Amino acid sequence: PVTLYQVQNKYRDEARPRAGILRGREFVMKDSYSFDLDQDGLQASYDAHRAAYVKVFERLGMDYRIVSAVSGAMGGSASEEFLAVAPTGEDTFVSCTGCDYAANTEAVEVAAPPASDAQAGPMTVVDTPDTPTIDTLVEVLRGLGHELTAAQTLKNVVVNLKHPDGRIEPLVVGVPGDREVDLKRLEANVSPAEVLPFEGGDFAKHPQLVRGYIGPADAGSGGLEGVRYVVDPLVVPGSAWATGANEQGKHAVDVVSGRDFTPSGVLPAAEVRDGDLCPRCGSAFRIDRGIEIGHIFQLGKKYADAFSLDVLGPDSKPVRVTMGSYGIGVSRAVAAVAEQSYDEKGLVWPRSMAPADVHVVGVGKGDHAPTAARLASELEARGLEVLLDDRPKVSPGVAFKDAELLGIPTTLVVGRSLENGEVEIRDRRSGETRTVALDDAVDAVVQEVRGTGATA
């Protein structure tokens, strides 16, 4: 087996770079690729990278989750993301409150309800003019004596699928009316096809799709000929719905899945919510936001096939290699830690990645500045990285505020207490301050820094 890696600057054509270095046009990336003879070898390489990434992010002190993901354009099979939990994150993921299942919303599986036996009456088509939204439809149906909620309506959304060969196919997706179609989740489940909007000109080409009144095939006028119709797994066999009748100004009620219509397939596409149920243990989901800091893929043979990448196996016969791909966003990991490690005063870096081990601040007149410089030199001689604030005309208030803003875990203050032969050691994380004798200051700082394993 062979593993190749690189750490380098990369570039992307971001239309609107945002969130500082979280989403910039230039970024630093660590990526690596594994090459193995078979699936067992790939699994070993994948597991080794996964374990290494766990060590990296734990050493950085990050609150993160490993979630199931989709491979997307990279292709391959197994795919997991490392997400730093943060309310400012671009990614949404779910985690189970009862087991360790977690996935981003594109790859998540939701436990479908059991097949239903709605005991509904025969399907009936009713006049529902001027019902452009689910809420207006529910109101009109209640006026007609049908006591329904939005969750009992079937919303049918039409999109275009662009297949790799360039073919465009209309697709109608049915989801419960109280939910939206999650286009990212839909696209992940129709990959490698691309999801495109279905616009006015498309309706003109498919007059059987009546805008605002689309229903399943066989419901109402039954006019979905030539268009594929699928439903989200929440639309279970035997469930009864109110839905479009494929006729202008009309909806159908008591439309039962499996009796009045049969979808051509089941496709996870509905938005996922807090409280949806885990497919593994049945407990409720919790939804959080996160920042992607790492991603690992089992690529398989996709690229090896493209390049006819063969090696000699143990029997000296050619073997097509199988590949894995693994990446860490180095610069965005810095931003993710900052998002997780700050307070009202500024940054609070973990020791493992702080820009220095100790921040030495000398404030006041007389021997303060020379003493601070001497202590900084002695700390450096003991192997610590030191930031020395030796600005001559900066007030103590400004110096202390800057130290808080920079967030180095330990600050050594040479100030007013020097008159008593003492200096202060401040812990940026806890906010605690303690006074030590000047002669003991270097040993005390070294013990504090090394006691946490920062220089291991």
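I began with a pairing in this predicted model: Val172 has Tyr229 of β11 as its bridge partner. I then looked up how the two strands run, and β9 and β11 (residues 228-231) pair in the parallel sense, over four bridges.

Next I checked β8 (residues 153-162), which pairs with β9 in the antiparallel sense over nine bridges. Here Val172 turns up again, as the bridge partner of Val158. I also looked at the hairpin of β8 and β9: five residues lie between the strands, and Gly166 takes a positive phi near 90 degrees.

How many of the nine residues of β9 are buried? I found eight, so I noted this strand (residues 168-176) as mostly covered, with buried meaning under 20% relative accessible area.

At the start of α1, the backbone nitrogen of Asp40 has a side-chain oxygen of Asp38 within 3.3 Å. After α1 comes Gly61, with a positive phi near 75 degrees.

Which residues of α1 are buried? I listed Gly41, Leu42, Ser45, Tyr46, His49, Tyr53, Val54 and Phe57. A reminder to myself: an α-helix has 3.6 residues a turn, so residues three or four places apart point the same way. Last, I looked up what covers the buried residues of α1, and found strands including β1 (2-11), β2 (26-36), β3 (64-68) and β15 (285-300).

Terms used
Residues are numbered from 1 along each chain as its sequence is written. This is a predicted model: local features need pLDDT of at least 70, side-chain atom pairs count only at pLDDT 80 or more; totals for chains, interfaces and linings use all residues. Side-chain values use heavy atoms; hydrogens and water are left out. Buried means under 20% relative accessible area, exposed over 50%, partly exposed in between (1.4 Å probe, protein chains only). Contact means heavy atoms within 4.5 Å. A polar contact is a pair of N or O atoms within 3.5 Å; within protein, one must be able to donate a hydrogen and the other to accept it, and residues adjacent in sequence count only if both atoms are side-chain atoms. Two strands pair if DSSP finds at least two bridges between them.
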